[in-house]
Amino acid sequence: MSSQVLVEAPGVHRVEAHTPREPGPGEALVAVHAVGICGSDREVYQGNRPEGYVRYPLVPGHEWSGTVTAVGAGVPGSLTGRKVVGEGFRNCQVCDRCHAGETTLCSAGYEETGFTRPGAMAATLTLPARLLHVLPDDADLTAAALLEPAACIAAAALKANARPGERVAVVGTGTLGMFAVQFLAAGSPAELLVVGTRGDREALARRFGASDFRLRDQELPAGFDVVIETAGSASAARTAAALLRRGGRLVLTGIPAPGADGLDPTDLVVRQLEVHTVFGAPPDAWAHAVRVFGAGLLDPLPLVTHEVPLTDFPRAIELVGAGDPAVGKVLLRP
């Protein structure tokens, strides 16, 4: 019998029978292969996700991969049988930000798969077909389940606009940080520094293309053209800004807790730093991530350390929050 995880309220969940919802006009039905768990899923379960960014009861799951099994009216039948991943933000498509391609800034308000709409911690997921991105026929669906965080970093890479031969750096060594290393390495930098708090991540960072690795409490070099920050810790943004040359480009993706050290506006102005931020991934970033993945330039599998059945949802949540260095990406398999 197929099943799904339902979080009824903070700290309260059950694994129950799942009934697929047939796709309506413009929709597709996807058989879920794997679904990843990130810190925001833990927030949903614990009840500390910001107000307005979750709606209970909820089937979580916004990082997923699967295969289309049926489509509704108006959707090409050729989509059936294809391996896919999908955007999470349910944008309105008619506001000025959506027309500009900035769908994560949709003025109709926040709606996202796995947070305010049913997610992929279930045997199937029904969603608008326009949100799907088709993968190569030979794509590894386990690896593809990590393309949602990869798409967020693709958005950062596009904003960073790193050019071949530039000196680039990444602050943070989690899943996002390791994807940032891979995206920047693909652009042929002159130097690629990774800064983190865990020395055990150095080997993986170098495997993905880093030319140097430093712990954050070590003396750090400066003069970098581009820095992508992924750590989300209280001091990460300041650490990242300090690495830049005058006129350098900084992209922030981490979301620290309230009270984090802010960037010094005087420093930003005097050094003429260019600062961008990323929250989610618009369609162009998704397309970029899928293209880079299909070209073999993105290798998510080394980041996966645990695959557990859907019924082990509580254990998976515990693994994600345990702080164990042996735990990387945790996948649920419906």
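**Notes on ring pairs and a helix crossing**

1. Let's start inside: tyrosine 45 and phenylalanine 313 are both buried. This is a predicted model, by the way. The two rings make an edge-to-face pair, with 5.5 Å from centre to centre and 90° between the planes. Tyrosine 45 sits in helix α1 (residues 39-46) and phenylalanine 313 in helix α10 (residues 313-321), so this pair links distant parts of the chain, 268 residues apart.

2. Next, tyrosine 53 and tyrosine 110. Their ring centres are 4.6 Å apart with the planes at 45°, so this pair is tilted. Tyrosine 53 is in the loop between α1 and β4 (63-71), while tyrosine 110 is in the loop between α2 (96-99) and β6 (124-128), so the pair ties together parts 57 residues apart in sequence.

3. Buried or exposed, what about these two tyrosines? Tyrosine 53 counts as partly exposed because its relative accessibility is 32%. Tyrosine 110, at 14%, counts as buried.

4. Now the helices. The axes of α4 (residues 147-160) and α5 (residues 175-185) come within 9 Å and cross at roughly 50°, and the two are therefore oblique to each other. The crossing is right-handed.

5. Which residues of α4 and α5 meet? From α4 there are Pro149, Ala150, Ile153, Ala154 and Ala157, and from α5 Thr175, Leu176, Phe179, Ala180 and Phe183. By class, this contact has nine nonpolar residues, one polar and no charged ones.

Conventions. Residues numbered from 1 in each chain as written. Predicted model: local features only at pLDDT ≥ 70, side-chain atom pairs only at ≥ 80, totals over all residues. Heavy atoms only, no water. Axes fitted to C-alpha atoms, helices over the stretch in contact; angles between N-to-C directions. Helix = DSSP H or I, 4+ residues; strand = E, 2+ residues; numbered from the N terminus. Parallel < 35°, antiparallel > 145°, perpendicular 65-115°, else oblique. Left-handed = near helix turned anticlockwise from the far one by under 90°. Contact = heavy atoms within 4.5 Å. Nonpolar A, V, L, I, M, F, W, Y, C, P; charged D, E, K, R; others polar. Phe/Tyr/Trp six-rings, centres within 6.5 Å; stacked < 30°, edge-to-face > 60°. Buried < 20%, exposed > 50% of the residue type's maximum accessible area, 1.4 Å probe, protein only.
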